[in-house]
Each structure stands twice: as C-alpha cells, then as structure tokens.
Amino acid sequence: MSTRLMRIGTVVLSVFLIVYVLFQLQRYSGSSYTYQTVYQTTVENTIPITGVFFREEESIPVSQSGVLSCSYSVGEKVPIGSEVARLYKSQEAIDLQREISSLSDTLESLKKAQDSSKTSEVILPETLNSQIGTDVGKLIQARDNGDLTGLDKLRTSLTESFAKRQIIINADTDYSGEIASLQEQLSSLKAKDNASYTAYTSDVSGFFVDHVDGYEEVFTDDELQELTASELDSQLSGYSGYTADSSKIKMVTSHIWRFVFSVTDEQALSLSEGRTVRIRFPNRSDTVKMTVSELRRDVDAGKYLVILEGDVIDSFLLTTRVQSCELLVATYTGLKVPKSAIRYENGIPGVYVVLMNKMYFRTIHNVYETDEFIVSDSTDEDEDPLKLYDTIIVEGVGLYNQKDV
C-alpha cells in the first residue's frame, strides 16, 4: 500500500515540476510581454460642493394688476435713474408698443442708408459684407445659445447694412417709397396707441434681473460676516429650492459676488487664501474663475467655510442661489502610464520602451496618480525621459536595458 502511495506521489511531483519548469521557461523567454502605446491625458482633481450665492441686491416692487414689460434683459447693465420696466393694462398694449418700436427701427435704418448715398463718405462693399457676416454669425450664436434678447439690434444693423450695400452696388436704388410707406404705417399704429402704463425706474445702477427668489434679505453681506460652516450647512438643509417671484424685480448692484460653501479639514488643504480656482456648474459649458477670499475654520464642526469671489456676469449666475457643482482644485496634463509598467533602475522610476527590437529604460516624473495609472510630466532633470507615442512594456519580467525583445 505504501509503495503504491509513493508511486502516486512521485507522479504528482513530476507533473508539478514539469508545469513549473514550463511556466518559468515561458516567463523568462521574453515572449510574454504586453505592450501599450503612450498617449497624453488630462486629469482634473475636483471636489464636489454645494454652495450659496451672496450678492448685493436691491429689489423694486411692481404691481401685479397688469402685464409687465421689462426694458432690459437679465444681466444687462442699467444706469442709475433708468426706466427698467413698464406695466401695461394688457398684452395687446405691449405687442402694439413692440410693433411701433420695430417699425421705427426699420424706418431709421432705411433713412440712414438713403442719407449715406448723398454724402461723400466712401463705403466699400467688402466692409458691408464683413459687417453682414459678423451680424449673421451673432444670429447663429444667439440661436445656438437660446438667447434672443439682442435680436432687435441685430435686425436693425442687418437692415441698414443690406440697404447700404444695395445702394452702392446699384446707384439707382431709391428707398423713398419704402420710407414713405413705413411712415404711414407708423402713424397709423401710433394713432391706435392709447395705452397708459406705469413706469418703474431704478435708483441705483447695476445688473437687471426680472424677478426675485425670496432670499435677497437672507443671504446678505451682514449675514456672511459671522457665518460658520455648520450654520451654512444647516441653512442648506432647509433650502426649499429656487422659486422665481415676479412681484418684484431687482438690481444686482455690484459686479463682485461671493460663492460660499463648506469643506472638510482635509479638503481645505488644497486651498489657500488668494488662490485662483475654477468652478464647473452643471448648466455651463465653461468653468468660472474665482478667487479664494477667505478660509474660515469651524473648530467644532471640523470644517472650513470657504468664501470665493467672482466677477463674471451672465443670466445663469444672476438667477441661481444654491448650486451643486465641482471645485477644480488642480489640472494635470502629461503622459498616461499604467502602474503595472513602472520599474526602477538605481532607485529611479521609469518604464521600458521597445525600440528596434530592444528594450530601453526611460524615466518618468509622477505629477498625479490614481489606483490604476500615473500622469508623467518630464522635467529638465530627467535623462532619457518617456515620450509621447512610445511603446512601453506593461507586463513582463526579466527586463533590463538593451535586452532583445
């Protein structure tokens, strides 16, 4: 019985030795390498945050007994003492006013074009073609962005440019008939205009917003003076969402605004006062640049209140209050290197690349890393650095400089 067991054991041991030898032969034969081409990558170090906009705002109550027509679009700069809105008795009265305004603009455009033909001013067709092309480009951009607030001005500019161009190309062109017809139409419309309205003016200069959200008296500069990270978190937990209230309009009186949020002690290590950072909001294609104005420690909460200052003005930033977004702490651009490819020569990190059927050691400089790869950016101190499009050995053993592959 023992002899039989010995034979079985010998067979098992032999099989094991054969498998092991085959494995080692394959391992060291140089035929089991895995290769990869090196490409450039960009990695962003981000922190997810939820913050609040603090602005200097002045509200103007308006009546709800009619239809309000605003004189400015959201985000447009308003001089002090300007009429910012009119309250009409009906939508029909507003439509009539807009038709009168549109007709007046067209009439003025044709008059300017007609008068230009009587002066000594020389306008080249190429100049007008360039202006027309610019205006058409703005029209396309407005369409793509869904922003139609400047269409009236673009239409007026295009009408005038096309009319001047026609006069230059054809000297016999005369718009006197069209001008007389437009004047007659305008007189007829004005005769129907018996609409009374209430005008609203602004006592301050600033950027126009056609509604309020109800937090103008909550998130103020005075409130921010003593605000802590834990208090902000408590306010955010009770925030009920953005509600546009058209019973008031408002002026944002400063182009400087603050975006405030809290971070942990560990996250705060990536920030410093005076540093420039970028925020990526969900409804914007580009990031917004801001400056870290203050880092305020909340010892009990183990957090920091972060106050950023920005000066970008647009309709989105003026009509939002609480936003979840990404804080871009840093951006790293370099060569993407899998961690499995990293080797060390004399304590120097690098990878082996394949050139002319031989492997060569190339140094790397780690500027950022994840669990799977690092981002390498060569420096002046690196000798034989890894380069873009090099072929590296990702997996394999027995690697050394100038070894045949």
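Start by selecting R362, which sits in strand β17 (residues 358–363); strands are DSSP E runs of at least two residues and helices H or I runs of at least four, numbered from the N terminus. Before going on, note that this is a predicted model, where local features need pLDDT of at least 70, side-chain atom pairs count only at pLDDT 80 or more, and totals for chains, interfaces and linings use all residues. Residues are numbered from 1 along each chain as its sequence is written, and side-chain values use heavy atoms, leaving out hydrogens and water.

Leaving aside residues up to four places away in sequence, R362 touches residues including V351, L355 and P385 (heavy atoms within 4.5 Å).

Next, select H211, in the loop between β8 (206–209) and α6 (221–225). H211 is buried, at 10% relative accessible area. Among the residues H211 touches are D245, K248 and T319.

Finally, colour helix α7 (residues 229–237) and pick out A229, L232 and L236, which are buried. Looking down the axis of α7, you'll find its buried residues within an arc of 60 degrees, so they line one face; the arc uses directions from the helix axis to the C-beta atoms. Now show β2 (40–54) and β14 (322–338), which are among the elements covering these buried residues.

Note on methods. Buried means under 20% relative accessible area, exposed over 50%, partly exposed in between (1.4 Å probe, protein chains only).
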